[in-house]
Amino acid sequence: MASIFNTLGIGYSGLNAAQVGINTTGHNISNAETEGYTRQRVITSAATPIIMRPGQVGNGVEVQDIKRVFDNFVFDRYNSVSSDKEYSDFEKQTLEELSTYFPEVDGVGIKTDLSQYYNMWQTFADNPDNDSIKVALAKQSETLTKHIQQTQGQVLNLQHQMNDQLAVNIKQVNDLAQQLADLNVSIDNAENGGKYTANDLRDKRNVIERSLSRLIGANVNQGQLEANIQIDSNSNTRTGSYTLSVNGFNIVDGGTYHPLRLDNDKNKFGFYDISYERQDGVLIPMNEEIKGGKIGAILDLRGGALDTTSGMPVDGVIQKTVTDLDAFAKGLIETTNNIYAQSASVRKESNIIELEGSNSLVSSNMGIKEGSFDVIIYDLDGNAVASRKVNIDVETSMTNGTNSIKAQLEANKDDNDDSNATNDVDDFLKFNYAPSATGEQKLELYMTPEAESKGYTFSVKDNVKEGSFNSGTNFAGALGLGRYFDGKNARDVKLNTTFELNPTLLHAGYSSSAGDNRLALDMVQQQFEKYDFHVGSEDYNTTLYGMFDVTSTYVGIATNAATSRNDTVTTQFNATELEYNSVSKVSVDEEMTNLIKYQTSYGAAAKVITTVDQMMQTLLGIKQ
């Protein structure tokens, strides 16, 4: 039965509802700038009425729950585009840094150094006996090689920075995954029984979900979707079983998480492999499975797949730049050395060669081709006194068989067709292919002591077809016989130490005779020759300039494409973020309006209690 005391309870319920509304509004205003905070609304309903003879009499108001204004569909899109935005921002930033290492558009850089290098060879050809020009040529060669080394060093340093960032970000992913698993337990405990919603805990979970999406492109999979139309027509949220996955691999499963493992112990360059640890402890490779977020960008830039033999990445934008620049430098080294082997000397020693004497030269990975080259003997006056052709086919090895390099050079032949057995190549030249005392195997060709004492020298000249430098065997260039450049790639290319210490030893001609400039003219011609460059699965037939253009153009195109993609993704992100904020972000103006509304409601409820108090005073006065 309703009574005056019941009316007092109704007034109190109104005060309580208004107080909860004010508290919630104040909470919203306080967190208006808190990242990930979702505005909250109080859900109220009429309390259970009292049944009386006239009918049901109202019994005040009840606070049913406090709900977030949250649209899971919009949040999922926001997460997805946040992953794309983080990927695109990092890609653009990194490629813009990479592009600064190739300032060719400004008329400076490696290509300009290469052009000046060939100009010096032309000057040398015009003045083949001028020592000052030899010094200038050596200095320009050092400038070119140092610039190539410096550029490759910058690219490799950037690649290793990517690798270091990978380790830092994977650690952050594991830390956030652990926090997320702990939050899931807290949310389950807080919402046990399904009566109340852990709004602030869910907000914290959403912040971590978005962070993981930005870092690694993680996706959330949860049970059923529940609508909250009492709050907002767009408001809904997911409940039930919870998993967070990366391309199908569950990183978080309810209250447990599966850490990602980093390992670089077996990689001599320190590049990290990422693995997913299953519950049974089995590690599954993840490098090529991560496609989104900042980590996806790092892997696509650094290179995801690692070669099990070399330890270097086999893909990635930066790795392709490294490979292209190495191919350019290797081409410069080998083609130059192949030409410079034509300069006469008393001794030619190769680079270290990791090839058994019985193995086929053509079938090796050294870049030697079928064909032939000549070994030419010169006297003190620069006259060619003997010449022998050495043939290379698929079966030719260094020391095994009658068609080996050793057998052909040591064969007792009449090279001059003069029936003289003492003036042929085998009478002047010695061959040695054996490990040294330090275990390093090199090819050594050198004049006999007697021939050297009489001023004899020799050269190695490739036989080319139709005048194309690329059509020779590349025997001397591949092995580094009588080399002009030391090194194998862009990391270690440098002028031969002998010429670096004494540039006056440089030759402009095939022989040592005064005025011979044939070698220098070949060097000038080299810049116009097309060579075969093998870069991974790609083959190029172009000049040295063209090969460098392949590298710098690739970097420029990749950077422009990244910038264009970033503009598109940024537009999508801004639109989605605006949509998400319009649903969930706190509007201070709206909250101030609600504050006035609850203030008025609180005052009206207080008036009810004041009125009941006056009624009770009247009743007590009648009794007295």
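Leaving aside neighbours within four places in sequence, which residues is Thr-543 in contact with? Keep that one in mind for a second. Hi everyone; what we have up here is a predicted model, so please take it as that.

Okay, the answer: Thr-543 is in contact with Gln-527, Phe-528, Glu-529, Lys-530 and Phe-533, once you set aside its neighbours within four places in sequence. As for where Thr-543 sits, look at the loop between strand 23, residues 538-542, and helix 14, residues 544-584. Thr-543 has a relative accessible area of 16%, and because the cut-off for buried is under 20%, we call it buried.

Now follow the chain into helix 14. Its partner here is helix 2, residues 72-99: the two axes come within 8 Å and cross at roughly 155°. Anything over 145 degrees counts as roughly antiparallel, so that's how helix 2 lies relative to helix 14. The crossing of helix 2 with helix 14 is left-handed. And who's in that contact? By class, there are twelve nonpolar, nine polar and ten charged residues.

Let's zoom out to the whole protein. There are 15 helices and 23 strands. The C-alpha trace spans about 155 × 50 × 40 Å along its principal axes. The radius of gyration is 40 Å, whereas a compact globule of 624 residues would have one near 25 Å. Of those 624 residues, 49% count as buried.

Conventions:
Residues numbered from 1 in each chain as written. Predicted model: local features only at pLDDT ≥ 70, side-chain atom pairs only at ≥ 80, totals over all residues. Heavy atoms only, no water. Helix = DSSP H or I, 4+ residues; strand = E, 2+ residues; numbered from the N terminus. Buried < 20%, exposed > 50% of the residue type's maximum accessible area, 1.4 Å probe, protein only. Contact = heavy atoms within 4.5 Å. Axes fitted to C-alpha atoms, helices over the stretch in contact; angles between N-to-C directions. Parallel < 35°, antiparallel > 145°, perpendicular 65-115°, else oblique. Left-handed = near helix turned anticlockwise from the far one by under 90°. Nonpolar A, V, L, I, M, F, W, Y, C, P; charged D, E, K, R; others polar. Rg over C-alpha atoms; globule rule 2.2 N^0.38 Å.
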